[in-house]
Amino acid sequence: MTDLSLSDLSARIEGLYETIARTRMADIGILNPRLGVSMRGLRRYGENHVGILVTPWFMNLLFLPVNAPGSTDGGPPPRIGSPSTFALPSGTYEGIAGHELGLGWHWSCSLFSPMFEFADMEGAVETADVSLDLLFDAPEGARGNDAGQTGTSEEFRTAMVRPDSHGTLDARLAAIEAREAEAAAEARIAESPELETEVPRNLDRRALFGLRRSEGQHG
């Protein structure tokens, strides 16, 4: 994949999974029809391209090796389904090996599956974007990781090739949760207007990856 730009690689991944959604996943009842496919925040980190893939049936953290397994510099191919550990600024994560024609070897770490709790694509992709911010946010004082980088948390963030973001993490998390709670409440009212509807439990994005923020703490 070294011959592709990040934008071209993202487009290739999206095209592949759009095809999968229309073909071998089409008759499987775990697709959320309100969602599409989007590759979010793909960037190079160490010897992998890393981003979050949103589809109608899963949201996965994706690791794609820069040097493909089986190539001269890529080492031997893994077994499909075999685990491997990857270091990010926020910690280490286990990915499961997979292979797709047109994409090659990759490792996936499941964040959400299935995807029925998402009311719309906007909420799904913003959740992916906030999750990436959390994944690439090193704990204060952390230095170094298995990717060979050293420095402070701010230096980690500066070194990332990251999409522009606006607002604090807490504000963005709260906006996602409020929108999804409102959408879920409206859906319940539409289905059973005669029933009093309690506000549903919010999706707690702050609990992702064990990175819960304390009450009153701001991004």
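**Group meeting: a walk through the fold**

Okay, let's start with burial: 43% of the 219 residues in this chain are buried, where buried is under 20% relative accessible area, exposed is over 50% and partly exposed sits in between, with a 1.4 Å probe and protein chains only. This is a predicted model, and local features need a pLDDT of at least 70, side-chain atom pairs count only at pLDDT 80 or more, while totals for chains, interfaces and linings use all residues. Residues are numbered from 1 along each chain as its sequence is written, and side-chain values use heavy atoms, with hydrogens and water left out.

So how confident is the predictor? pLDDT is its confidence in each residue, from 0 to 100. The chain averages 76, and 62% of the residues score at least 70. Over residues 143-167 the pLDDT stays under 50, though the model has 47 contacts there beyond four places in sequence; a contact means heavy atoms within 4.5 Å. Residues 196-206 are also below 50, with 32 contacts beyond near neighbours in sequence. Where pLDDT is low, the predicted coordinates should not be read in detail.

On to the layout. There are 4 helices and 6 strands, and from the N terminus the order is α-β-β-β-β-β-β-α-α-α. Helices (H or I, at least four residues) and strands (E, at least two) are DSSP runs, numbered from the N terminus.

Take helix α1, residues 6-22. At 1.5 Å a residue its 17 residues should span 24 Å, and the end C-alpha atoms are 24 Å apart, which agrees; the expected span is 1.5 Å times one less than the number of residues. Its buried residues are Leu9, Ser10, Ile13, Leu16, Tyr17, Ile20 and Ala21. Looking down the axis of α1, they fall within an arc of 140 degrees, so they line one face of the helix; that arc is of the directions from the helix axis to the C-beta atoms. The buried residues of α1 pack against β1, β2, β3, β5 and β6, and the face turned away from them carries the exposed residues Ser7 and Arg22.

Now strand β2, residues 48-54: which way do its side chains go? Asn48, Val50, Ile52 and Val54 point one way, His49, Gly51 and Leu53 the other, and all are buried. β2 pairs antiparallel with β1 (residues 38-45) through 6 bridges; pairing takes at least two DSSP bridges between two strands. Those two make a hairpin with 2 residues between them, and Gly46 in the turn has a positive phi of about 65 degrees. On to β3, residues 59-65: β2 pairs with it antiparallel over 7 bridges, again as a hairpin, with 4 residues between the strands. Ile52 stands opposite Leu61 there.

Those two come back in the largest nonpolar core, which has 24 residues; Ile52, Met59, Leu61, Leu88, Met115 and Leu135 have the most contacts inside it. A nonpolar core is a set of buried Ala, Val, Leu, Ile, Met, Phe, Trp, Tyr and Cys residues joined through side-chain atoms within 4.5 Å. β6 gives the largest share, 5 residues. There's a second, separate core of 16 residues, including Leu9, Leu53, Phe58 and Leu64.

Pro114 lies in the loop between β6 and α2.

Conventions:
pLDDT is the predictor's confidence in each residue, from 0 to 100.
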